[in-house]
There are 2 protein chains.
Amino acid sequence: MIDCGEGTQIRMRQMGMKITRLGHIFISHLHGDHCFGLIGLISSFGMLNRTADLHIHAQADLEKILKPQLMYFSQDLPFDVIFHYINPRKHELIFEDRTIQVFTIPLKHRVPCCGFLFEEKPRDNHIIREMIDFYKIPTWRIPKIKQGEDFITEEGDVIPNKQLTTPAGKPKRFAYCSDTAYSEKIIPIIEGVDCLYHEATFMEEEMNRSNQTEHSTARQAAEIARKANVKNLIIGHYSARYINQNGILEEAKAVFENTVLGEDLTVYEI
Amino acid sequence: MIDCGEGTQIRMRQMGMKITRLGHIFISHLHGDHCFGLIGLISSFGMLNRTADLHIHAQADLEKILKPQLMYFSQDLPFDVIFHYINPRKHELIFEDRTIQVFTIPLKHRVPCCGFLFEEKPRDNHIIREMIDFYKIPTWRIPKIKQGEDFITEEGDVIPNKQLTTPAGKPKRFAYCSDTAYSEKIIPIIEGVDCLYHEATFMEEEMNRSNQTEHSTARQAAEIARKANVKNLIIGHYSARYINQNGILEEAKAVFENTVLGEDLTVYEI
C-alpha cells in the first residue's frame, strides 16, 4: 500500500479487499491525508487477530508519532509493526523480494517527501504445456527450462529452449509521485515507466496557489509524463475546489494524450 | 458532537453538515472507534481557517495522546483546541449554556467510559401574534411577557399572561449510552428521557461474548429503555458479524416497542 489517509480501511472494506494480505506500507510524507488512516488500520488488524508482521516504510518521525498511539490503543497486538526508515532526499532501493524492487523518488514539497518506483523483476519464460507431454519432460526439469535451459531427451536429442518456451512478459514499472511541485529531476528515474501516477492538485489558472503550496497543475503533471516518455499517466489529488475534474483532464490531455483521472474505488490495470 | 471515530469528517461532508458550526465534542471513552477521527477533523478545521475555539470534553489521557499529534501536524492552527477533563465515574454537570445542560452518565465497560445526558432548559412561552396587534403591545415588553408577565394597557386594564401566550414545548432530554454492559445504575439518571441511544452490539445468542467484552445485547438495551420509562429507544454499535440488523431490532422490540435501528447517514428527530 502507498500512503494511508483517514478512512483507508473503510475504502478497502468497501472494495472487498483482503486487508490481512497487506504486508508493506510505503508512506510518502507526514501530512495527515497520507498517514492518518494508519492507526485505525493497525487497530483493526489487531481485532482481526492478524499474526504476520506489518512493515511500514516511512520517515523516522512517523514512528515517534505512531508508537505512543499504538502503546495506548493497541498494547496487545498479536503481530509486530516494524518500522523501516527512509531518507526522502535520496533515490535508493528500499525494498526487494522475489518479484519486485521498490526505490524512493525524491520529490519537491513543503515537507520532506518522496515518491516510490515499483519495478518487477524479470520473470521466467512460460513453458509450452504441449511440449511437456510431447517430450515427456519430467517435472523436476521444468524450473530450469523456464529459466532458459535446453532439454535433452533419453535418446540424447537436444531440444532447444526456444522450441519449449514462450518469453515472459516484459517486467512492469510503476512510479507514484505525490505530493510534489513540478520537478524535472525525477525524469531520469521514472523514464519510460509503464504507468506514472502524478499529482495534479490544480489547473493552470491556480498557478500561484500551486507554487505557494508546492503542488502541481494538470499541465505540469502531463509535461513530466511527456518528457519522461511514460506509457500512461494517472492524475489525482485534486483540490476540493473542483466539483468535477473534466477541466483538469482536458488540460493534461492537451499535453499528454494517454492520461486518465485517478478516481476513488477504481482499479487500474498496468 | 458525541464521539468521533475514523471517517467522521467524511460522513459530515457527505451529509452536507457545516463542520465549522461545531463547537463542543464529547468523547465517551478512549477506544479508537470513538476518537480516531479527531485529528483529521481538527486538521481540516485548520485548513478551513476556522477561528472559533474548539472544546473537547474527554478523559485527561486524550489530551496526552492528541497534543503531540497536533504539535506535529497542526502547529499553526488559527484557533484554540481547549480540553475539558471529565471523570467518567461521576454523574455530574459538565457543560451548560443558555439553552442546554450536559451531564455525564457513568457506564460499565472494559475501560473507563461514560455516556452523556443532554437536557434542554425550559424555554419561553410563545406570544400570540394577534394579541400583539390587538393590544398594541410595544416591542420592548415582549420578552417579559414571554417569560410570564401580564400586560397592562394604557387604560390600566390588566391582560392576564394566559390570554397572550401559549406554553413552550416541554424541554427535551436525550441520553447517549455507549459503550456499556447492562447496568441498572443508569436508570435513575435517564428516567423518562424523550430519546435514549443505547448500544446493542450483540443478540442474546452471543451473551457470552457480550459479557466478556462488556457490551449489551439488544434485549438488554430494550430492558433498560423499558425500566427507565423512556419515550423512544435508538439502538446501534452492532457487531460486524450481523450482515443486517433485522434480528437485533426484533429482539429489542419484543421488550420495548418504540425502538428504531440507528443507521449511518440518518437524522432522527427527537
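**Entry 1: the end of H10(A)**

I started just past H10(A), where Asn229(A) takes a positive phi of about 50°. I use DSSP runs here: helices are H or I with at least four residues, strands are E with at least two, and both are numbered from the N terminus. This is a predicted model, so local features need pLDDT of at least 70 and side-chain atom pairs count only at pLDDT 80 or more, while totals for chains, interfaces and linings use all residues. Residues are numbered from 1 along each chain as its sequence is written, and chains are lettered from A and ligands numbered from 1 in the order in which they are written.

Back inside the helix, which covers residues 218-227 of chain A, I listed what is buried (20 or more other C-beta atoms within 10 Å of the residue's own; exposed is 12 or fewer, partly exposed is in between, and C-beta atoms are placed from the backbone). The buried ones are Ala218(A), Gln220(A), Ala221(A), Ala222(A), Ile224(A) and Ala225(A). They pack against H8, S12, S13, H11 and S14 of chain A, with contact taken as C-beta atoms, placed from the backbone, within 7 Å.

**Entry 2: H10 in chain B**

Next I looked at H10(B). Seven of its 10 residues are buried, so this helix is largely enclosed by the rest of the structure. The list is Ala218(B), Arg219(B), Gln220(B), Ala221(B), Ala222(B), Ile224(B) and Ala225(B). Their packing partners are H8, S12, S13, H11 and S14 of chain B. After the helix comes Asn229(B), with a positive phi near 50°.

I then took the pair H10(B) and H11(B). The two pack at about 35° with axes 8 Å apart; the axes are lines fitted to C-alpha atoms over the stretch in contact, and angles run from 0 to 180 degrees between N-to-C directions. Their crossing is right-handed, meaning the near helix is turned clockwise from the far one by less than a right angle, with anticlockwise being left-handed. H10(B) brings Ala218(B), Arg219(B), Ala221(B) and Ala222(B) to the contact, and H11(B) brings Ile248(B), Glu251(B) and Ala252(B). By class that is five nonpolar, no polar and two charged. For classes, Ala, Val, Leu, Ile, Met, Phe, Trp, Tyr, Cys and Pro are nonpolar, Asp, Glu, Lys and Arg are charged, and the others, Gly among them, are polar.

**Entry 3: how the chains relate**

The contact takes 13 residues from chain B and 13 from chain A. On the chain B side, H3 (38-47) and H4 (60-73) each supply at least two residues, and H4(B) gives the most, with five. That side has seven nonpolar, five polar and one charged residues.

**Entry 4: H3(B)**

Seven of its 10 residues are buried, so it is largely enclosed by the rest of the structure. These are Leu38(B), Ile39(B), Gly40(B), Ile42(B), Ser43(B), Ser44(B) and Phe45(B). They pack against H2 of chain A, together with H1, H2, S2, H4 and S3 of chain B. Asn49(B) follows the helix, and its phi is positive, near 60°.

**Entry 5: chain A as a whole**

I counted 11 helices and 14 strands in chain A. Its C-alpha atoms fill a box of roughly 75 × 55 × 35 Å along the principal axes. Buried residues make up 32% of the 270 residues. Of the contacts with a separation of 6 or more, 63% come from residues 24 or more positions apart.

The domain assignment, automatic or from a database, gives domain 1 (1-85), domain 2 (87-121 + 170-270) and domain 3 (126-166). The C-alpha centres of domains 1 and 2 lie 23 Å apart. Between them, 13 residues of domain 1 touch 15 of domain 2. H1 and S1 are the elements giving two or more residues to the domain 1 side, which divides into four nonpolar, eight polar and one charged.

Last, Pro160(A): it sits in the loop between S9 and H7 of chain A. Pro160(A) is exposed, with 9 other C-beta atoms within 10 Å.

Methods: Contact = placed C-beta atoms within 7 Å.
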